[in-house]
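Please read it beside the sequence and the coordinates.

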Amino acid sequence: MENSTYTAESLKALQAHINTMDPVDLAEEFRDLTMTEIAVRMKIMNKDLLADTFALLPSEQKQEIIESLSDEKTMSLIQDLDEDELVDTLQELPANMVRRIMNYLVDDVRRPVINKLLGYPEDSVGSIMSVNFMAVKKNVSPTQALQKIMSSDLDANRLEQIWVTDESLVLIGYVYLADLLRNQDAHLVDLLNSFPASVLATDDQEDAAKIAQKYDISEIPVTDSEGRLVGFIPAEWAIDILHEEYEEDMANIHGIQESDDSPVPYLEKSSFRMAKDRTTWLIICLITATFTGFIIHRYEDLLSAAVVLTSYIPMLMDSGGNAGTQASTTVIRALYAGEVGFKDTLRVILKESTIGLMTGGALVAVNIVRMLILEDVNLAVNLTVGITLLITIVLSKVIGGIMPLIADKFNIDPTVMAGPIITTIVDTMVLLIYFEVASFLIF
């Protein structure tokens, strides 16, 4: 839609409509608009709303918008972005554009803060935390604290909870704005609430999300090594972190390597990129499947003499893979919840062995009945399949249980161990057990 198609009345109606919309909805709408249509909306939008909407756009669209703006308008837009939003944007832009923005468009006061935030490792707490917070010292009165709040230019949702420090700026707790208003004659320390946990700026962002989930707190304080407050993470950001981590874990479990972290909708994402993301693990599984081929070839004479054994291979491999995946998923959940660690490896082995014996026994009983009713096989074959199934389930549970612990010990994402790797290991193990048991019982 071109500028010339807008009338004064339509622009006024559009302005009234846009400025009542949520930034999330506006960002989704922007993705389907031309740059001309976006330019029109940017001119009539509230500045804060524009900044919040811009922060939610895909990296390609952010770059396109910045390239279309003059330096003066780009500077104005950047000034309205919070530090964390600006850092996220800079991390998505080309290096030459980042240099231009940092050298010429970011004011001298903010530049050191932005540079510090940019220096934190990707996915760390420091890379996503907000440094826009209100803090007062414990010896001030509620009235003095309220005066500081009144003179602050922070958004209202950042003033609901006020951090309290000692004289050395070490964080000791927080007070609610409502308590300050209701108890202006009280001592600040009498209104103090303790915080259950904090994180360091160098910690993984998932640690902050776990704290928010565990304690149901609205803001997670970020401190330095001496306990001084340097920032915070709102609970709503923790929800986003958990969602991102969930998507990453699901991709790892199913053998998908995401090459792009930007939130591109499924239908808009490049088919070539998606194929690339999915191909790596498929190739790895294809190559590792060579081991199963070698094993089958080694026992070719056994299969020729008892062809019926071939029909049970898929069932045994699927049962082992499913059992291993169940165990790994359960242990990964326990790892994330802090219920187990590498030190508990022996206990996990014992527990999964017990579970494997129980579930394996149940599967063997059902399978024996199934084979007796539906299939005409001799006792030796029935025993071979039953014994293999029991051993397979037990060992698969143990392998699925300990591999995430080993991965976590070496700082590898445990979810990587819950997908193709376990399946490949279990498939190889199943065939070896199956043919060795068959060799002993049948020949």
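UniProt, in an unreviewed entry, places the feature "transmembrane region" at residues 279–299, 355–373, 380–406 and 418–442; the UniProt positions are given in the numbering used here, feature names are shortened, and annotations may be inferred rather than shown by experiment. The model is a predicted one, in which local features need pLDDT of at least 70 and side-chain atom pairs count only at pLDDT 80 or more, whereas totals for chains, interfaces and linings use all residues. Residues are numbered from 1 along each chain as its sequence is written, and side-chain values use heavy atoms, with hydrogens and water left out.

Two of the annotated spans can be described by their secondary structure, where helices (H or I, at least four residues) and strands (E, at least two) are DSSP runs numbered from the N terminus. Residues 355–373 are 100% helix and 0% strand, with end C-alpha atoms 27 Å apart, and residues 380–406 are likewise 100% helix and 0% strand, with their end C-alpha atoms 38 Å apart.

The domain assignment, whose bounds come from an automatic or database source, gives domain 1 (8–119), domain 2 (135–235) and domain 3 (271–442). The C-alpha centres of domain 1 and domain 2 lie 29 Å apart.

Beyond its neighbours within four places in sequence, Phe-30 is in contact (heavy atoms within 4.5 Å) with residues including Ile-38, Arg-41, Met-42 and Leu-57.

Burial is judged by relative accessible area: buried means under 20%, exposed over 50%, and partly exposed in between (1.4 Å probe, protein chains only). In helix H7 (residues 83–92), 7 of the 10 residues are buried, so this helix is largely enclosed by the rest of the structure; among them are Glu-83, Asp-84 and Glu-85.

An open sheet of 3 strands has the order E4-E5-E6 with mixed pairing, two strands being paired if DSSP finds at least two bridges between them. Strand E4 (199–200) and strand E6 (229–234) stand at the edges with a single partner strand each, so one side of each has no neighbour in the sheet. E4 runs parallel to strand E5 (residues 219–223), joined by 2 bridges, and Leu-200 has Thr-223 of E5 as its bridge partner.

The whole structure holds 13 salt bridges, a salt bridge being a side-chain nitrogen of Lys or Arg within 4 Å of a carboxyl oxygen of Asp or Glu. Three of them are listed here.

| Pair | N to O distance |
|---|---|
| Glu-29 and Arg-41 | 3.7 Å |
| Arg-100 and Asp-71 | 2.6 Å |
| Lys-343 and Asp-344 | 3.6 Å |

Glu-29 lies in helix H2 (residues 23–30) and Arg-41 in helix H3 (residues 35–44), so the pair ties together parts that are 12 residues apart in sequence. Glu-29 is partly exposed at 27%, whereas Arg-41 is buried at 9%.
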